[in-house]
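Subject: Structure handover and notes

Dear colleague,

I am passing on the structure we spoke about, together with my notes on it. Please look through the coordinates first, and then read on.

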Amino acid sequence: MNIIEKIERAGLVGRGGAEYPTAKKWQDVRLAPGDQKYVICNASEGEIGLFKDIFILENYTEQVVRGMILALEYLETKDAFFNINEKYYHQIESKILKIIDKYNQQGYNIQFFIEEPSYIGGEETALLNAIEGKRTEPRLKPPYPSIEGLYGKPTLINNVETFYNVACVDDNTFSATRFFSISGKIKNPGVYQLPDDITIEKLLKETNNLPDFDFFVQIGGSASGLVLNKEQIKEQKMIGAGGLEVYDKTTPPKDVVLRWLKFYQKESCGKCTPCRVGTYQLYNLVKNNSEIPWSEVFEILETLKETSFCALGKSVEVPITSYYKNVL
Ligand code: SF4
C-alpha cells in the first residue's frame with residue numbers, strides 16, 4: 001500500500017484547525033500542473049492556549065521531519081520550508097538542525113523560515129507572502145496554495161501534528177488519537193494524547209482536570225474557540241486546533257471579553273478596514289464602559305463577520321457570541 005492509500009485509510013485530517021482531509025490535500029498538489037512544487041511545515045502556532053505543536057516538536061522531532069520527507073517523495077520534489085516561530089526555534093534548535101542536516105545531505109533542500117510569533121503568520125496565504133518577503137497578510141482565495149502557492153507554484157502546507165501523523169501512518173503505529181493543549185484554571189495543565197473522539201468532559205476527567213467549582217470552557221483555541229457551559233461539554237467533542245481552556249465562571253465578563261479583544265486587536269494585520277478599525281473599536285468600547293454594552297458590541301461583531309477579508313476578523317464573534325449565549 002502506498003503512502004496516500006495509507007493516509008486515506010487512516011482518515012487523517014489536518015490538525016492546524018481546518019480539519020481538511022490530508023490525502024485530498026496531498027493529491028490536489030500532486031495533480032496540480034507544474035514542474036516545481038513545495039512542501040511547508042507550519043509550526044507557527046500563534047493563538048493563545050495552543051502549545052501542542054512545540055510539545056510534538058520536542059518529543060517527536062524525527063517523525064515530524066520524516067512526515068515532510070514522505071510528502072516530498074510523494075510530490076517528487078526536494079524543496080521544503082520549515083516555518084517556525086522564533087521562540088519555538090530556540091527551544092528545539094540543536095535537535096532539529098541535526099535531523100534536517102541529515103536529510104539535506106541526502107539531497108533534500110529544507111530551509112527554515114523563522115518568524116516572530118503571530119496568529120496571522122500561521123494563516124497559509126499570509127505565510128506564503130512572508131516567505132516571499134512580502135507583508136504578512138492573507139491573499140484572496142481561490143487560488144488555493146495547492147494550485148498557486150509559494151512563488152505561484154503548487155504548495156503543500158501541513159501542520160506539525162499532521163506530519164507527525166503521516167510518519168506514524170507510514171510506520172503502522174498510527175492510532176486515532178490527537179494532541180490536546182489543556183490550560184486555564186486547572187490542576188494539571190499540559191499536552192495530552194488521547195482518542196480524537198473523546199468528549200470534553202471525559203477529557204477533563206481523564207487528565208484529572210475536572211473543576212470542583214462553577215466553570216465554563218473554550219475549545220479549539222483560547223481566542224477564536226467556541227465557549228461552552230458545563231452541560232454542553234458532556235456530548236461535545238474537540239474541534240479546531242485542539243486547545244481546551246477552563247475558566248472560572250465568577251471571572252468578571254469584562255475581563256474575559258477584554259482578553260480576547262486584546263488578542264484580536266494586536267493580531268489584526270491591518271489589511272482590511274472592518275477588522276483593523278472594528279477590533280480597535282471593540283476593545284475600547286468594552287474597556288471604557290463599566291458594563292459591556294452588548295447591543296453595540298454585537299452590531300460591530302456582525303459587521304466584522306460579514307465584511308472581514310479573512311478568518312481572523314470573521315472569527316471575533318465566535319467566542320464572544322457563544323460566551324454570551326452559553327454562559328451569561
Ligand atoms: S480580517 Fe484582519 S487579519 Fe484578516 S486581512 Fe483583514 S485586517 Fe488582516
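This is a predicted model: local features need pLDDT of at least 70, side-chain atom pairs count only at pLDDT 80 or more; totals for chains, interfaces and linings use all residues.

Strand S2, which covers residues 79–85, pairs with S3 in the parallel sense, and seven bridges are found between the two. Both belong to an open sheet of four strands, whose order is S3-S2-S1-S4 and whose pairing is parallel. Strand S3 (109–115) and strand S4 (155–159) are at the edges and have a single partner strand each, so that one side of each is left without a neighbour in the sheet. On average, and with direction ignored, neighbouring strands of this sheet are turned by 20 degrees against each other. Helix H7, made of residues 160–171, packs on this sheet, where it touches strand S1 (38–43) and S4, and the direction of H7 makes about 95 degrees with that of S4.

Another open sheet is formed by five strands in the order S6-S5-S9-S7-S8, and here the pairing is mixed. Its edges are taken by strand S6 (190–195) and strand S8 (226–229), and because each has a single partner strand, one side of each is left without a neighbour in the sheet. Neighbouring strands of this sheet are turned against each other by 30 degrees on average, again with direction ignored. Strand S5 (residues 177–184) and S6 run antiparallel and are joined by six bridges, and Ser181 stands opposite Val191 in S6.

Helix contacts

Helix H1 (residues 3–10) and helix H2 (residues 22–31) have axes that come within 8 Å and cross at roughly 150 degrees, which means that H1 is roughly antiparallel to H2. On the side of H1 the contact is made by Ile4, Ile7 and Glu8, and on the side of H2 by Thr22, Ala23, Trp26 and Gln27. Sorted by class, this contact of H1 with H2 has four nonpolar residues, two polar ones and one charged one.

Within helix H9 lies Phe263, which counts as buried because 23 other C-beta atoms are found within 10 Å, where 20 or more are required. If residues up to four places away in sequence are not counted, Phe263 touches Ile48 and Ala223. Phe263 and Thr279 are 16 residues apart in sequence, while their C-alpha atoms are 9.3 Å apart in space.

The chain as a whole

The secondary structure of the protein chain amounts to 13 helices and nine strands. The radius of gyration is 20 Å, which agrees with the value near 20 Å that a compact globule of 328 residues would have, and the C-alpha trace spans about 60 × 45 × 35 Å along its principal axes. Of the 328 residues, 43% count as buried. Among the contacts with a separation of 6 or more, 66% are accounted for by residues 24 or more positions apart.

How values were computed:
Residues are numbered from 1 along each chain as its sequence is written. Two strands pair if DSSP finds at least two bridges between them. Axes are lines fitted to C-alpha atoms, for helices over the stretch in contact, and angles run from 0 to 180 degrees between N-to-C directions. Two residues are in contact if their C-beta atoms, placed from the backbone, lie within 7 Å. Angles under 35 degrees count as roughly parallel, over 145 as roughly antiparallel, 65 to 115 as roughly perpendicular and the rest as oblique. Ala, Val, Leu, Ile, Met, Phe, Trp, Tyr, Cys and Pro count as nonpolar, Asp, Glu, Lys and Arg as charged, and the others, Gly among them, as polar. The radius of gyration is taken over C-alpha atoms; the globule rule is 2.2 Å times the number of residues to the power 0.38. A residue is buried if 20 or more other C-beta atoms lie within 10 Å of its own, exposed if 12 or fewer, and partly exposed in between; C-beta atoms are placed from the backbone.
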